[in-house]
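Please open the structure in a viewer and keep the selection tool at hand.

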Amino acid sequence: MQEFDTVIAGGLVVTAGDRTVCDIGIRGGKVAALGQGLTGRRVIDASGKYVLPGGVDSHVHIAQPSGEGIVMADDFESGTRSAALGGTTTIMPFCLQERDVPMRQTLQAYHDKAEGECYVDVSFHLIVSAPDNQLLGQDLPALVEDGYTSFKIFMTYDDLKLNDRQILDVMAVARETGALVMVHAENYDAIRFMTEQLEKAGRTAPRYHATSRPKVAEREATHRAISLAELVDVPVMIVHVSNRESMEQIRWAQQRGLPVLGETCTQYLVLTEDDLDGLGMEGAKYVCSPPPRDRESQEACWEGLRTGVFTVFSSDHCPYRYDDEQGKLNPKGRSSFRWVPNGIPGVGARLPILFSEGVSKGRMTLENFVAVTAANPARTYGLYPRKGTIAVGSDADIVLWDPERRVTLQHEHLRDGADYTPYAGMEITGWPVLTLVRGQTVVDQGELVGAKGLGTYLPRDRSPFASPAARQEP
Ligand code: URP
Ligand code: ZN
Ligand code: ZN
């Protein structure tokens, strides 16, 4: 039999559908065979390890403009480094539309920033913040053709929010082009109202960020986004869902047969609003939107992951340094939670935390873990089966997990560009000990050994969930 470049021998190979002890033969960066007794120029002994597809994190912010005086903590080098250390081999950051700049020009700037800098593969979603005729009529359709097949829209944030009419217009373009719309669902006016009330009452500490964005504001917007998508008859992905009531809107829509997808994230499984209640400004480390909620909400998010209401599990990695005038502790941020930049780091911590809290603690199966962290995000966003599985012909993006390895999580394990992790001190059981990207070792025993620039850009197919066959004329 022909020799392989690399053989991963004798591990428990797990995909979203199956598990089996076998060898994997890798040739030319692809999985070339699954079998027994394979031989290769390099043999990696995987006995006693789990051999999983590399993680696909479909919700990540890197080097994104964040308002005056605020700088995101990660560039493509540090963001992809942390991803690789945490067992993720593909990330999907957002390209944020800038006012008066053609989207394609902004995209080119992101490509330039990423070029030669990445340790893992990268693909881009678009953020639509100003849906004018040029964008809707010309630019978006052309960009979808070119492999940018998903856009995120916001129902909140001063500079980003779209009104219902604008949302309908974007959804109509998605319907026309077969793109998938991702929605940040929180009610802008409700949050503004709450924020003003709290500030009037002198309640400006970081913990009031959570008070200002209650569950009901998320639930209402989730329901509205689903209703607008139903009107246009287009699939929709509700991202970063934090609580039961919002999850139930999605489940309700799914039970009615609507193509509504959901995403939850690490912070909604393991943090609560009490984490925002630290001494002084410490709570700013946990300020993100929607905010972490309570124990019951955590249970609901676990339930959504187990039962398939949530298709994907992401990090919503959106890193700002804490002890930094351009980060969480910017001068205005000290005056009110309103000015604390929203977002927390998590691209490296996502998989170890879900593995430990989910698989090791018996809340989910290994197959379910692979489904929500790799196969489903790859499928949902048009990268499957190149990414997200271990099958003949797939990219050899493979991670060896030691299910027994115990780690007390610290920022030094993650090495993103922030100066903290909101998950510091968590006891983790199960750790990614070897990360291969297209057959090349990027991380070995927690050491970064791969070359920067190994990661490449991935244009994407349309999501199968957005295929025309599934839709009727409205
Ligand atoms: O607080 C968050 N999640 N910031 C990132 C931007 C977003 O809404 O995804
Ligand atoms: Zn968002
Ligand atoms: Zn986000």
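Is Lys-152 buried or exposed? Select Lys-152 in this predicted model: its relative accessible area is 1%, and because buried means under 20%, Lys-152 counts as buried.

**The zinc ion (ligand 2)**

Next, select the zinc ion (ligand 2) and display the side chains that coordinate it. The donor atoms are NZ of Lys-152, ND1 of His-184 and NE2 of His-240, at 2.1 Å. Along the sequence, these donor residues follow the spacing K-x31-H-x55-H. Lys-152 and His-240 link distant parts of the chain, being 88 residues apart. Colour strand E10 (residues 150-154) to locate Lys-152, then the loop between strand E12 (236-238) and helix H8 (244-255) to locate His-240. His-240 is also buried, at 1% relative accessibility.

**Ligand 1**

Move to ligand 1, which 13 residues surround. The closest are His-61, Lys-152, His-184, Ser-289 and Asp-316.

- Asp-316 places a polar side-chain atom 2.6 Å from a nitrogen atom of ligand 1.
- His-61 has a polar side-chain atom 3.1 Å from an oxygen atom of ligand 1.
- His-59 has a side-chain N or O atom 3.3 Å from an oxygen atom of ligand 1.

Ligand 1 on its own has 270 Å² of accessible area, of which the protein covers 96%.

**The annotated domain**

Finally, select residues 50-442, which an unreviewed UniProt entry records as "domain: Amidohydrolase-related". This span is 38% helix and 18% strand, and its end C-alpha atoms lie 18 Å apart.

Methods:
Residues numbered from 1 in each chain as written. Chains lettered and ligands numbered in written order. Predicted model: local features only at pLDDT ≥ 70, side-chain atom pairs only at ≥ 80, totals over all residues. Heavy atoms only, no water. Donors = N, O, S within 2.8 Å, 3.2 Å for Na, K, Ca; no water. Helix = DSSP H or I, 4+ residues; strand = E, 2+ residues; numbered from the N terminus. Buried < 20%, exposed > 50% of the residue type's maximum accessible area, 1.4 Å probe, protein only. UniProt positions renumbered as here; feature names shortened; annotations may be inferred. Near = heavy atom within 4 Å. Polar contact = N/O pair within 3.5 Å; in protein donor to acceptor, adjacent residues only side chain to side chain. Areas by Shrake-Rupley, 256 points an atom, 1.4 Å probe, with all protein chains shown as cover.
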